[in-house]
2 protein chains.
Amino acid sequence: MSITLTYPCRSSVEVATVLPYRATTDPAELAETAPIMEPRFPDRNDGDDLIELLFFAYRDFVADPDRILAEYGFGRAHHRVLHFVDRYPGLTIAELLDILRITKQSLNRVLKDLIEQGYIAQRTGTNDRRQRLLFCTEAGIRFAEELSRVQMRRVARALVDQPGRGATDDPGEALASAQGFLLAMIEPEERATVRRLMARRTKAA
Amino acid sequence: MSITLTYPCRSSVEVATVLPYRATTDPAELAETAPIMEPRFPDRNDGDDLIELLFFAYRDFVADPDRILAEYGFGRAHHRVLHFVDRYPGLTIAELLDILRITKQSLNRVLKDLIEQGYIAQRTGTNDRRQRLLFCTEAGIRFAEELSRVQMRRVARALVDQPGRGATDDPGEALASAQGFLLAMIEPEERATVRRLMARRTKAA
DNA sequence: GAGATATGTCAATAACACTGACTTATCCGT
DNA sequence: ACGGATAAGTCAGTGTTATTGACATATCTC
């Protein structure tokens, strides 16, 4: 029942025919429910390892800025808002809500803090005057930069430090494969949105 | 001042001589503070991209189990405890606290819920009777498995789905490089601990 | 002008974390 | 066997981040 197309050398991921989950009972829709190729881990430890590594990596990844934020009396939520507003100036509230996946009320609390303390400023939209476009102030840019620095350092080191990678290995490959993996971890329907967003970045090289 | 050892083809990570940060002012210790090779992104967009991708990947990664947990009336904190106890039966409270990086009080709240509802059981340590060894009950194992399944699926797909990867590419390589990157993201002093922990896994292949 | 949209705001609640202080049981070295 | 250290449990209070539901305002679009 499970056609293993596994690749020769080692246990990693196999592809098996599996009936895809459908929320419908509509016969017309179910008719087109052909078996699809569903990837599986022949050794579930490989999957568990990756799940745990993601947990540990994220744990330490957020610990860096947390230390700095505590000095300013802010939390992680403030960091996320500041980060995205810094990187995508002119972001609207709706866009920010879609990125962060929190409610308007949750966003408002932290956004209010950042505006009141002069890190973020609002401007009424020009095309659509209902929108509030968000921008970082000078202080906001500096703050975002300070937070970014520690995370940037960790990520840069991670690309170079990888055990098993020789000095001859191209870190550009490590970067590309990390980006590829992380992008593929994103919900498929959201990938285009993320790509579109990231294409809007304004920082100079 | 910044010696670029960048690799030919594309902009990714360069290595520059940088004075490492030292918390000390002790001259003896400072004397041995030789410049070390500090990796940098020549194009900071590469770093920012990776930081954001990690955010988005983690956001969607935890969203899967969140939906299931909500049905049971549990939260993320319960999932984390259940996951680690399931995978490392006999885990002690102290070990769990070190993994999760939360306080005893925070752990106790969720652990109590899981014990009261029959997903986790405690046994007094045999070597050291002060310790409480944690184990999943049958129900706990099933619950953990249900939560694991959706995350496993996302991770397995991510290794196969990666855009730019042809069908000829070895997903074993994708797995190895994702593991390498995530492990390298972990605080260096913690990597050994994580490796040691993961070597203790008990699940059959 | 009507309905949809973007934002802001009120009140109440829950999940998850923290600090600080204290207790109990057990282990280990002298 | 005593004393200090360690593992765990617990009490009370607090803060951050999130939630829901309801409603208000301004603006856009047709």
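**Exercise 1.** Determine how many residues the largest nonpolar core has, and which residues have the most contacts inside it.

*Solution.* A nonpolar core is a set of buried Ala, Val, Leu, Ile, Met, Phe, Trp, Tyr and Cys residues joined through side-chain atoms within 4.5 Å. Buried means under 20% relative accessible area, with a 1.4 Å probe and protein chains only. In this predicted model, the largest such core has 108 residues. Those with the most contacts inside this core are A:Val81 and B:Val81. With contact meaning heavy atoms within 4.5 Å, and residues up to four places away in sequence not counted, A:Val81 touches residues including A:Leu96, A:Leu107 and A:Ile120.

The model is predicted: local features need pLDDT of at least 70, side-chain atom pairs count only at pLDDT 80 or more, and totals for chains, interfaces and linings use all residues. Residues are numbered from 1 along each chain as its sequence is written, chains are lettered from A and ligands numbered from 1 in the order in which they are written, and side-chain values use heavy atoms, leaving out hydrogens and water.

**Exercise 2.** State how many residues surround DNA strand D, and which are the closest.

*Solution.* A residue is near a strand if one of its heavy atoms lies within 4 Å of it. DNA strand D is surrounded by 26 residues. The closest are A:Arg80, A:Thr103, A:Ser106, B:Lys104 and B:Arg130.

**Exercise 3.** Identify the closest residues around DNA strand C.

*Solution.* Among the 25 residues that surround DNA strand C, the closest are A:Lys104, A:Arg130, B:Arg80, B:Thr103 and B:Gln105. Sugar and phosphate account for 61% of the atoms of DNA strand C within 4 Å of the protein.

Definitions and conventions: Buried < 20%, exposed > 50% of the residue type's maximum accessible area, 1.4 Å probe, protein only.
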